Each structure stands twice: as C-alpha cells, then as structure tokens.
Amino acid sequence: MPSDRLLRSLAQPDENDPGDAWIRWPVSIGKAAQLSGISPKMLRHYEALGMLAAMPRTDSNYRQYSLADVHTLRFIRRARDMGFGLDAITELVSLWHNRRRSSATVNRITQKHLDDLAQRIEALQAMQRTLGELLQLCPGDERPDCPILDDLAQPASTFSAKSSSKLYTPATTTARGGNRHGRH
C-alpha cells in the first residue's frame, strides 16, 4: 500500500460515525472521546505526550476539540488498532499533518512495524507448537507427574520477540524425560 494511502486509511472515520456535519464544533472531551473511540483519559495522555496540540479551553477551563482534532484522534486510534507503538504513531501523525513529507519515511516506519509483527507472530507460533507438544506429552490423569509443569520449571525456556532467529527454546527434552529435579 503506498504511503499516502496508508496515512489516509489510518484517518478514516468508523462506519458507526454519526456524521461530522451534524455536530456543533468545538466539542467537549467526552464528545471527542465518543467520536474518536478513545477514552477521555487517553485523550489527555496523548495531549500530554504532544501527539495533539494543547487544546483551547473555555472560560471554565474545559478542553474544546475541533473537527481536525477528532480526525487526528481517529488517526491515532486506527494506528493503535494496527499495532503501531506510541513513538511510531507520533511520527506518523506528524507526517500526516506535513504535506511536504517524504513517503519513504512512512514506508520505513511501516516496514519496521511489519517486520516486528512477523517476528512476534513467529514467536507466538513457536509457543503454540511447544504447548501443543507438551499437551501431547501430558497424560492428564490422576497421577502427579506433569511434563507441562516440568517444562515450565526449566530455566532454559526463553522467549524474546527481539532475539535472533530462534525466538523460543522449549525445554521439552527434559519434560519428555520426566522430572529430573524433584517436585518443588
């Protein structure tokens, strides 16, 4: 997907959007939260992080959100739904607002996120395979011997989504051989 299309797709309103044309702008934090699908607490958090400009306030000190603010919040929500981290979202929001942006930068951010997702999926699939193997080894009877618990007790079991090619190393060889260390 070309970068401009990605940025536009992140900003698309929900299908349940009540229609921005019927709303009196600016809106309160509660209404902005409702329209964007982001909680008021997270709205304040995004503002504190600088993902949104400081909101204008009423004489009573209530925040007032414009249509553009709500579109930015929808963009943030969609990017969060796609799994982007806060740093990437901050950069994407900045790029979305900057019409002189380089699509190569958007492409780089997206490619990095896609690579991270692939690595996490690989790690989750390895865990799924290992748990399936352990379930096959476990008799599931009334006896206390349990290859699953034996495997979980092994310090050799490691998981790291950012490690090298082997993301998950099960200790199933010990589990197959039974409990060598005694019960704890």
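## Basis and overall make-up

A residue is called buried when its relative accessible area is under 20%, exposed when it is over 50%, and partly exposed in between, using a 1.4 Å probe and protein chains only. The model is predicted, and local features need pLDDT of at least 70 while side-chain atom pairs count only at pLDDT 80 or more, although totals for chains, interfaces and linings use all residues. Residues are numbered from 1 along each chain as its sequence is written, and side-chain values use heavy atoms, with hydrogens and water left out.

The protein has 184 residues, and 30% of them count as buried. Its secondary structure consists of eight helices and two strands (DSSP runs numbered from the N terminus: H or I of at least four residues for helices, E of at least two for strands). In sequence order the pattern is α-α-α-α-α-α-α-β-β-α. Of the contacts (heavy atoms within 4.5 Å) between residues at least 6 apart in sequence, 55% join residues at least 24 apart.

Ile 29, Ala 32, Ala 33, Leu 35 and Ser 36 are the buried residues of helix 2. They sit on the same side of helix 2 because they cover an arc of only 170 degrees around the axis (the arc is taken from the directions that run from the helix axis to the C-beta atoms). The cover over the buried residues of helix 2 includes helix 3 (40–49) and helix 4 (67–81). Just after helix 2 comes Gly 37, with a positive phi of about 80 degrees.

Two packed helices are described by the angle between their axes and the distance between the axes. For helix 2 and helix 3, the angle is about 95 degrees and the axes are 9 Å apart. Helix 2 is therefore roughly perpendicular to helix 3. Axes here are lines fitted to C-alpha atoms, for helices over the stretch in contact, and angles run from 0 to 180 degrees between N-to-C directions. Angles under 35 degrees count as roughly parallel, over 145 as roughly antiparallel, 65 to 115 as roughly perpendicular and the rest as oblique. On the helix 2 side, Ile 29, Ala 32 and Ala 33 meet Pro 40, Leu 43 and Arg 44 of helix 3.

## Salt bridges

Side chains of opposite charge can pair when their charged atoms come close. Six salt bridges are found in a search of the whole structure (a side-chain nitrogen of Lys or Arg within 4 Å of a carboxyl oxygen of Asp or Glu). One of them joins the side chains of Arg 63 and Glu 47, at 2.7 Å from N to O. This pair links distant parts of the chain: Glu 47 is in helix 3, Arg 63 is in the loop between helix 3 and helix 4, and 16 residues separate them. Arg 63 and Glu 47 are both buried.

Another salt bridge connects Asp 81 with Arg 77, whose closest N and O atoms are 3.2 Å apart. Both residues lie in helix 4, four residues apart, about one turn of the helix. Asp 81 counts as exposed because its relative accessibility is 53%, and Arg 77 counts as partly exposed because its value is 31%. A salt bridge also forms between Arg 143 and Asp 145, with the closest N and O atoms 3.0 Å apart. Arg 143 is exposed at 55% relative accessibility, while Asp 145 is partly exposed, with a relative accessible area of 41%.

## Buried polar residues in loops

Asp 20 belongs to the loop between helix 1 (3–11) and helix 2 (29–36). Its relative accessible area is 16%, so Asp 20 is buried. The side chain of Asp 20 makes a polar contact with the side chain of Arg 74 at 3.0 Å (a pair of N or O atoms within 3.5 Å; within protein, one must be able to donate a hydrogen and the other to accept it, and residues adjacent in sequence count only if both atoms are side-chain atoms). Leaving aside residues up to four places away in sequence, Asp 20 touches Trp 25, Leu 67, His 71 and Arg 74.

Gln 154 is in the loop between helix 7 (147–152) and strand 1 (158–159). Gln 154 counts as buried because its relative accessibility is 13%. A polar atom of the Gln 154 side chain lies 3.2 Å from the backbone oxygen of Asp 150.

## Leu 92 in helix 5

Helix 5 spans residues 86–97 and contains Leu 92. With 0% relative accessibility, Leu 92 counts as buried. Leu 92 and Thr 105 are 13 residues apart in sequence, and their C-alpha atoms are 8.9 Å apart in space.
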